[in-house]
Amino acid sequence: MTEMRPVTEAAAIKAPTLPDSQTVTQVKHWTDRLFSFRVTRPASLRFRSGEFVMIGLLGDNGKPLLRAYSIASPAWDEELEFYSIKVQDGPLTSKLQHIQPGDEIILRPKPVGTLVHDALLPGKRIWFFATGTGFAPFASLLREPQTYEDYDEVIITHTCREVAELEYGRQLIEEIRQDELLAELMGEGFADKIRYYPTTTREESPRMGRITELLKDGTVFADLGIDGGIKAETDRAMVCGSLAFNHDIKAILEGFGLTEGANSDPREFVIEKAFVG
Ligand SMILES: Cc1cc2nc3c(=O)[nH]c(=O)nc-3n(C[C@H](O)[C@H](O)[C@H](O)COP(=O)(O)OP(=O)(O)OC[C@H]3O[C@@H](n4cnc5c(N)ncnc54)[C@H](O)[C@@H]3O)c2cc1C
Ligand SMILES: NC(=O)c1ccc[n+]([C@@H]2O[C@H](COP(=O)([O-])OP(=O)(O)OC[C@H]3O[C@@H](n4cnc5c(N)ncnc54)[C@H](OP(=O)(O)O)[C@@H]3O)[C@@H](O)[C@H]2O)c1
């Protein structure tokens, strides 16, 4: 028979051993390159939906190995969610991809970032442009009531190489549309404001091509029934992808007359890197 340990001893074993440690509560693998996970949230952590924090594990040298991660959960959620790449030889994600519920990760509680509502001037329609794991900050903002208070229309585009890489975002949007608690939080009819526009570039799917090309040739506007393209008076945008993607979308938005904003200088669009390199 298994010997029962006194509660105090069990609690001591469970006590955090890492600095700024949080406990993993859920892990879901989406593809061999993508997974998402949830961790406990420090009671004192305040952040704005769309911001990122530094998270990581202890390295082999005993020092924290930290990387920037967008918080994929909204500011009101009692846990924190992350959506992660698995880089096979990546210092952090070669290890992080093996975490299990009950494990601890390090989370430095200093959220920052530019993909926040405060960095945009008021508008009528907001565009979230993501590639790959750049979807993460929008997973937060799509569950943020202010998104629906501030805008009549919320367009989320997500471009990935393959169909399976869209699945985290697709399921999340499906869940948002059906969630009664969210409907209560965000107001009836909020889900009708979401327009989801997924595209793939290297595998057959209903809409193929880079979003940049589909914007330039007008396909996006034709598909969504938008007259006159993106307008500086009404449209706002947040962008999160690779450096090349961010660069190309910025040029397109500037071509439509939008200017880049920041926390200290709100304007018509904001940009953040989904990764460095
Ligand atoms: C502001 C910011 C927010 C970020 N948010 C996220 C996030 O929410 N989810 C996430 O998975 N990563 C995110 N990253 C990237 C993250 O910080 C790490 O780079 C990633 O976890 C890989 O760490 P690593 O140590 O395994 O490899 P690294 O040495 O950091 O990266 C190795 C190489 O892998 C590639 N790579 C790294 N990250 C990605 C990625 N996300 N997608 C595609 N290729 C990548 C790059 O070519 C990079 O040079 C963010 C980066 C920044 C700057
Ligand atoms: N995804 C994979 O299956 C895979 C497998 C092994 C290794 N990797 C490596 O992992 C790294 C990241 O791969 P990733 O697929 O996550 O990210 P990524 O290379 O940034 O591509 C993600 C999506 O964004 C598109 N894209 C890239 N640059 C763009 C631009 N300037 N304008 C518009 N769209 C753009 C890509 O289209 P395109 O397809 O047209 O580029 C793809 O659909 C790369 O270094 C890659 O070599 C990826």
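I take Ala, Val, Leu, Ile, Met, Phe, Trp, Tyr, Cys and Pro as nonpolar, Asp, Glu, Lys and Arg as charged, and the others, Gly among them, as polar. The model I am reading is predicted.

**Ligand 2.** I looked up what surrounds ligand 2 and found 14 residues. Thr131, Gly132, Thr201, Ser242 and Ala244 are the closest. Sorted by class, the shell has three nonpolar, six polar and five charged residues. I then checked which elements supply them: strand 8 and helix 9 (243-255) each give at least two. Helix 9 gives the most, with three residues.

**Helix 5.** I checked the length of helix 5, residues 167-178. At 1.5 Å a residue, its twelve residues should span 16 Å, and the end C-alpha atoms are 17 Å apart, which agrees. Next I asked which of its residues are buried, and I noted Tyr168, Gly169, Leu172 and Ile173. These four cover an arc of only 125 degrees around the axis, so they lie on the same side of helix 5. On the face turned away from that side I found the exposed residues Glu174, Glu175 and Gln178. The cover over the buried residues includes strand 2 (34-40), strand 5 (79-85), helix 3 (136-141), strand 8 (153-160) and strand 9 (194-200).

**Methionine 54.** I located methionine 54 in strand 3, residues 52-58. Leaving aside neighbours within four places in sequence, I list Leu66, Arg67, Ala68 and Arg108 as contacts of methionine 54. Its C-alpha atom is 6.0 Å from that of tyrosine 69, which is 15 residues away along the chain.

Methods:
Residues are numbered from 1 along each chain as its sequence is written. Chains are lettered from A and ligands numbered from 1 in the order in which they are written. This is a predicted model: local features need pLDDT of at least 70, side-chain atom pairs count only at pLDDT 80 or more; totals for chains, interfaces and linings use all residues. The expected span of a helix is 1.5 Å times one less than its number of residues. A residue is buried if 20 or more other C-beta atoms lie within 10 Å of its own, exposed if 12 or fewer, and partly exposed in between; C-beta atoms are placed from the backbone. The arc is that of the directions from the helix axis to the C-beta atoms. Two residues are in contact if their C-beta atoms, placed from the backbone, lie within 7 Å. A residue is near a molecule or strand if its C-beta atom, placed from the backbone, lies within 6 Å of it.
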